Amino acid sequence: MKNITTWRPDTCGCVLQYEWDTEVPAEERTHTMHSISKCPAHAHLPDHEAFMEATEENKHKNILKDEIMNHNPHLRETVVNEQGEEVVQYKKGHDPDVLFDSERNIDVRKKRKDLEIILPDESLVQSRLEQAMSDMKYKVDGVQYDATFKSQKGKSTRIKLQK
Ligand SMILES: [Zn+2]
């Protein structure tokens, strides 16, 4: 059965709708663009490009936040969740804000000025992003995307850390 999911990424104001087949196992599923309502940051792009950029930017933010946690032991703690499993998470107030600036470059901001943050290697973040984009297949206007969209377009995202 075809299912339509509405998704509002927290990295921009776009509203994305994608279609997927409930009978296909999760790891083989293709997410097909159904519709998009574009935010001001992505309004200048054709629908299919805005869809891919908004998706990729959100994954990029999530992966970068995860790698910053991996690279900065002083920012994290291990807690036991309700299921009795140990999970690693940011200590309260130690997670940086990962935002996109007007040129859609990543702007990492500390919630507390006294916390030192070391950024992970960009190639590491990039390879995880490529993996995440190829694990989740996207089909937009009949074209299947199985690599990072921005790099296919010859673009790259710079990451800057506010001191
Ligand atoms: Zn957007």
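User: What counts as helices and strands here?
Analyst: Both are DSSP runs, numbered from the N terminus: helices are H or I with at least four residues, strands are E with at least two. By the way, this is a predicted model, where local features need pLDDT of at least 70 and side-chain atom pairs count only at pLDDT 80 or more, while totals for chains, interfaces and linings use all residues. Residue numbers start from 1 along each chain as its sequence is written.

User: OK, what pattern does the chain follow along the sequence?
Analyst: Reading along, you get β-β-β-α-β-β-β-β-α-β-β-α-β. That comes to 3 helices and 10 strands.

User: In what order do the 5 strands of the open sheet come?
Analyst: The order is β1-β2-β3-β8-β9, with mixed pairing; two strands pair if DSSP finds at least two bridges between them. β1 (2-7) and β9 (143-145) are the edge strands, each pairing on one side only. Ignoring direction, neighbouring strands in this sheet are turned by 30° against each other on average.

User: How do β2 and β3 run, parallel or antiparallel?
Analyst: Antiparallel: 5 bridges link β2 (residues 15-21) with β3 (residues 30-37). Val15 sits opposite Ser37 in β3.

User: Switching topic, which strands are in the open sheet of 3?
Analyst: β6, β7 and β10, in the order β6-β7-β10, again with mixed pairing. β6 (97-100) and β10 (159-161) are at the edges with a single partner strand each, so one side of each has no neighbour in the sheet. The twist averages 25° from one strand to the next.

User: And how many bridges hold β7 and β10?
Analyst: There are 3, and β7 (residues 106-109) pairs with β10 in the parallel sense. Val108 stands opposite Leu161 in β10.

User: Which helix lies across β6, β7 and β10?
Analyst: That's α1 (residues 47-71), running at about 155° to β6. Axes are lines fitted to C-alpha atoms, for helices over the stretch in contact (C-beta atoms, placed from the backbone, within 7 Å). Angles run from 0 to 180 degrees between N-to-C directions.

User: What about β5, is it buried or in the open?
Analyst: Of the 5 residues of β5 (residues 86-90), the number buried is 0, so the strand lies largely in the open. Buried means 20 or more other C-beta atoms, placed from the backbone, within 10 Å of a residue's own. Across the chain, buried residues make up 22% of the 163.

User: Which strand do 5 bridges join to β5?
Analyst: β4 (residues 76-80), and the two run antiparallel. Arg76 has Tyr90 in β5 as its bridge partner. Their hairpin has 5 residues between the strands, and Gly84 takes a positive phi near 80°.

Key:
Contact = placed C-beta atoms within 7 Å. Buried ≥ 20, exposed ≤ 12 C-beta atoms within 10 Å, placed from the backbone.
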